[in-house]
Amino acid sequence: MNVLGEIVARDRRSDRSAVHVPAADRTMSYHDFCTTAWKAGNVFRHLGLASGRGVEVEPAESPESLLAFFGAALLGSPVRFEVRGDAGTRLVVTTADRETGFDPAPGTKLVVYGGRPTRPETTHWETEVWSENPAIPPYDVTPSTPALAADETYAHEELLEFAEGVVDEYALTDASRVVVRSSLSHPGAVVAGVVAPLLTGATVVLADADAGKSGEVAVSPTDDAPEPIVVDPTAVLAR
């Protein structure tokens, strides 16, 4: 694969589990995950998102946070897993309970999920994304296009290269369950906990800190995770 959009390509849709949230007893299949990522990309495009325009996403343990990442990736827009209202950010995706405490800068659109918005100018994820046309949005993304912003910016090809290293080192397969026990604000957690398992057809498990054993591999900055194999997100980027 050369760009992240290939992870949610049409031929990767199946009934296999892509994302599981134990606390909510919620599972999304690869079919639903891929299709909804396209829908998110289409909604974002309608809101003015385009290549190079930044997106801020709350690093919540939710499928929506991952779908926003891939929806933006389809358009060539870099995502920062932190909501801070930077000037120049085109789109902010967060939970509905944060809406009233956030004042978008001029030119920034706000999208919320997990409840209805209170302001008419705020986009409601559940209304717009779920009803959007399930077609891959038109895009022109290259491997060198920025995809993830943190202390530094990572291109599509870099994230995929790091993820392939994780797949190889930890022998991930489509039967693996990879538990994210590190904030998505750490780029290594996105690589090892999201991109790597989805790359190989495995299941991403979004678990809160108190969740018991939920898979075979944990992505955690500490070694006290209940899973037998622990991946340090910092070490992933040091390959």
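**Helix contacts and aromatic pairs in a predicted model**

Phe 33 has a relative accessibility of 1%, so this residue counts as buried.

What does Phe 33 pair with, and in which geometry? Its partner is Phe 70, and the aromatic pair is edge-to-face, with 5.8 Å from centre to centre and 80° between the planes. Phe 33 sits in helix H1 and Phe 70 in helix H2, so to speak of the sequence, the two are 37 residues apart and the pair links distant parts of the chain. Phe 70 is buried as well, with a relative accessible area of 1%. Phe 33 and Phe 70 also belong to one aromatic cluster, together with Phe 69 and Phe 81.

H1 covers residues 30-46 and H2 covers residues 63-75. Their axes come within 8 Å and cross at roughly 60°. Because of that angle, H1 is oblique to H2. The crossing of H1 past H2 is right-handed. On the H1 side, the contact uses Phe 33, Thr 36, Ala 37, Trp 38, Ala 40, Gly 41, Phe 44 and Arg 45. On the H2 side, the residues are Leu 66, Leu 67, Ala 68, Phe 70, Gly 71, Ala 72, Leu 74 and Leu 75. Sorted by class, the contact of H1 with H2 has twelve nonpolar residues, three polar and one charged.

Back to the aromatic rings. How many aromatic pairs does a search of the whole structure find? The search finds six. One of them is Phe 33 with Phe 70, as described. Another is Phe 44 with Trp 125, which is edge-to-face too, at 6.3 Å centre to centre and 65° between the planes. Phe 44 is in H1, while Trp 125 is in helix H3, residues 125-128, so this pair ties together parts that are 81 residues apart in sequence. Both Phe 44 and Trp 125 are buried.

One more residue on H1 is Asn 42. Is Asn 42 buried or exposed? Asn 42 has 4% relative accessibility, so it counts as buried. Leaving out residues up to four places away in sequence, Asn 42 touches Glu 132, Asn 133, Ala 135 and Pro 137.

Next, the other pair of helices. H4 runs over residues 156-169 and H5 over residues 187-200. Their axes come within 8 Å and cross at roughly 80°. With that angle, H4 is therefore roughly perpendicular to H5. In H4, the residues in contact are Leu 159, Leu 160, Phe 162, Ala 163, Glu 164, Val 166 and Val 167. They meet Val 191, Ala 192, Val 195, Ala 196, Leu 199 and Thr 200 in H5. By class, this contact of H4 with H5 divides into eleven nonpolar residues, one polar and one charged.

Gly 193 is located in H5. Its relative accessible area is 0%, so Gly 193 is buried. Apart from residues up to four places away in sequence, Gly 193 touches Val 178, Val 180, Gly 188, Val 204 and Val 219. Gly 193 and Arg 181 are twelve residues apart along the chain, and their C-alpha atoms are separated by 8.5 Å.

Then a residue in a strand. Pro 146 is in strand E8, residues 146-149. At 38% relative accessibility, Pro 146 counts as partly exposed. Not counting residues up to four places away in sequence, Pro 146 touches Gly 76, Ser 77, Pro 78, Thr 153, Tyr 154, Ala 155 and His 156. From Pro 146 to Leu 159 there are 13 residues in sequence and 9.8 Å in space, C-alpha to C-alpha.

Last, two backbone angles. Most residues other than glycine have a negative phi. Where does Asp 25 lie? Asp 25 is in the loop between strand E1 (17-21) and strand E2 (26-29). Its phi is near 50°, a positive value in a residue other than glycine. Asp 25 is exposed, with a relative accessible area of 67%. Ala 171 is not a glycine either, and it has a positive phi of about 50°. Ala 171 is placed in the loop between H4 and strand E10 (177-180). With a relative accessible area of 56%, Ala 171 is exposed.

Key:
Residues numbered from 1 in each chain as written. Predicted model: local features only at pLDDT ≥ 70, side-chain atom pairs only at ≥ 80, totals over all residues. Heavy atoms only, no water. Axes fitted to C-alpha atoms, helices over the stretch in contact; angles between N-to-C directions. Helix = DSSP H or I, 4+ residues; strand = E, 2+ residues; numbered from the N terminus. Parallel < 35°, antiparallel > 145°, perpendicular 65-115°, else oblique. Left-handed = near helix turned anticlockwise from the far one by under 90°. Contact = heavy atoms within 4.5 Å. Nonpolar A, V, L, I, M, F, W, Y, C, P; charged D, E, K, R; others polar. Phe/Tyr/Trp six-rings, centres within 6.5 Å; stacked < 30°, edge-to-face > 60°. Buried < 20%, exposed > 50% of the residue type's maximum accessible area, 1.4 Å probe, protein only.
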